[in-house]
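Subject: Structure for your review

Dear colleague,

Please find below the structure that I am handing over to you. My notes on what was found in it follow directly after it.

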Amino acid sequence: MPEAFTPSTPLLSVVIPMLDEAGNVLPLIEEISKALQAYAPVGENFEIICVDDGSTDATTVEVKQAQQTNAHVRLIRHPKRLGMSAALRNGIRRARATWIMTIDGDRQNDPADAPRVLDLAWVKGRDRKVLVAGIRVNRQDTIGKRLASRFANKIRKGLLNDNCPDTGCSLKVFPRDSYLELPFFNGLHRFMPALLKLYGHETIFTPVNDRLRTVGTSKSDFLGRAIKGAYDLLGVVWLMRRTPAPERGEEG
């Protein structure tokens, strides 16, 4: 069994939504652990929260296996699929740290980028209101996925003015409390740059590596996501226009 995890309140919580990611779980946890342990500002002061969103394969079994040798790992399991936004929300609500890092469970995000993303978030101190979001370079997705993403991002940027060229990248760092203050809805994770900017946060975008998925298959439903995304976009436009001006300001 692993040694007791200390300290009791970690500096960083890494939240990973997972759906049928057997085969990716163990190598991903190992990569994240090595990257953070080698990063001096974090070291051993982190936790990894795996949120199994109703998987039907051995995802939960592999997370429990990781827990036998890695005391940083925690497991949250949904009895049925609730979607990525709900998985992120439940993981972040259960997180013990004041700072959150989110990362995909399919290993396409590269944990080696984590220290640089954290540096950008913490360079001016750990009490700032900031979102640092990865922008995938050399994307390893199909041409269809890249074109659809480019088209959707262009429309979203035009309507929301969030200056984010890639909201689909899951590698993000932000304060836990900032996220929990946002109105929750399915699809929230794709509108975080616009909403956090609206609520007075600085937004920083940085290039990150995108890797080829080697295990499992994508869970994306392009047509369904496009339809839901259009509804969400209209809702966020309405929300931004109806948010009172004081919500956009800073205290002092």
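Which residues line the largest cavity? Before the answer, please keep in mind that this is a predicted model.

**Cavities**

The lining of the largest cavity is made up of Pro17, Met84, Leu88, Thr102, Ile103, Asp104, Cys169, Ser170, Lys172, His189 and Met192. Sorted by class, these are six nonpolar, three polar and two charged residues. The space inside the largest cavity comes to about 70 Å³. In total, three cavities of 30 Å³ or more were counted.

The second largest cavity has a volume of about 40 Å³. Its lining consists of Ser85, Leu88, Ile92, Thr102, Phe174, Tyr179, Leu188, His189 and Met192. Helix α3 (residues 84-94) provides the largest share of this lining, with three residues. By class, the second largest cavity is lined by six nonpolar and three polar residues, and by no charged ones.

Helix α3 also holds Gly91. Gly91 counts as buried because its relative accessibility is 0%. Between Gly91 and Thr102 there are 9.6 Å in space, C-alpha to C-alpha, and the two are eleven residues apart in sequence. Thr102 is one of the residues that line the largest cavity, and Thr102 is also among those that line the second largest cavity.

**Aromatic pairs**

A pair of aromatic rings is described by two values, the distance of the centres and the angle of the planes. The count for this structure is three aromatic pairs. One of them is formed by Trp99 and Trp122, which are arranged edge-to-face, with 6.0 Å from centre to centre and 80° between the planes. This pair links distant parts of the chain, since Trp99 belongs to strand β4 (residues 99-102) and Trp122 to helix α4 (residues 114-122), 23 residues apart. Are these two residues buried or exposed? Both Trp99 and Trp122 are buried.

Another pair consists of Phe185 and Phe191, which is tilted, with 6.2 Å from centre to centre and 50° between the planes. Phe191 has a relative accessible area of 5%, and therefore counts as buried.

Trp122 has a further contact to note. Arg126 lies over the face of Trp122, at 4.6 Å from the ring centre.

**Salt bridges**

How many salt bridges does a search of the whole structure find? The search finds 13 salt bridges. One of interest joins the side chains of Asp110 and Arg211, at 3.6 Å from N to O. Asp110 is in the loop between β4 and α4, and Arg211 is in the loop between β7 (202-209) and α8 (222-242), so this pair ties together parts that are 101 residues apart in sequence. Asp110 and Arg211 are both buried. They also belong to a network of salt bridges that links Glu31, Arg107, Asp110 and Arg211.

Asp166 and Arg136 form a salt bridge as well, and their closest N and O atoms are 2.7 Å apart. This pair, too, links distant parts of the chain: Asp166 is in the loop between α5 (143-160) and β6 (172-175), while Arg136 is in strand β5 (residues 130-137), 30 residues apart. Asp166 and Arg136 are both buried.

The side chains of Arg116 and Asp113 meet in a salt bridge of 3.3 Å, N to O. Arg116 is partly exposed, because its relative accessible area is 33%. Asp113 is buried, because its relative accessible area is 11%.

**Backbone angles**

Most residues other than glycine have a negative phi. Where is Asp20 found? Asp20 is found in the loop between β1 (12-18) and α1 (25-37). The phi of Asp20 is near 50°, a positive value in a residue other than glycine. With a relative accessibility of 25%, Asp20 counts as partly exposed.

Asn163 is not a glycine either, yet its phi is positive, at about 60°. This residue lies in the loop between α5 and β6. Asn163 is partly exposed, because its relative accessible area is 47%.

With kind regards

Technical notes
Residues numbered from 1 in each chain as written. Heavy atoms only, no water. Phe/Tyr/Trp six-rings, centres within 6.5 Å; stacked < 30°, edge-to-face > 60°. Helix = DSSP H or I, 4+ residues; strand = E, 2+ residues; numbered from the N terminus. Buried < 20%, exposed > 50% of the residue type's maximum accessible area, 1.4 Å probe, protein only. Lys NZ or Arg CZ within 6 Å of the ring centre and 35° of its normal. 1 Å grid on protein atoms, 1.4 Å probe; cavity = no way out; pocket = protein on both sides within 12 Å on 5 of 7 lines; lining within 4 Å. Points joined across faces, edges and corners; volume = space filled by probe spheres on them. Nonpolar A, V, L, I, M, F, W, Y, C, P; charged D, E, K, R; others polar. Salt bridge = Lys/Arg side-chain N within 4 Å of Asp/Glu carboxyl O.
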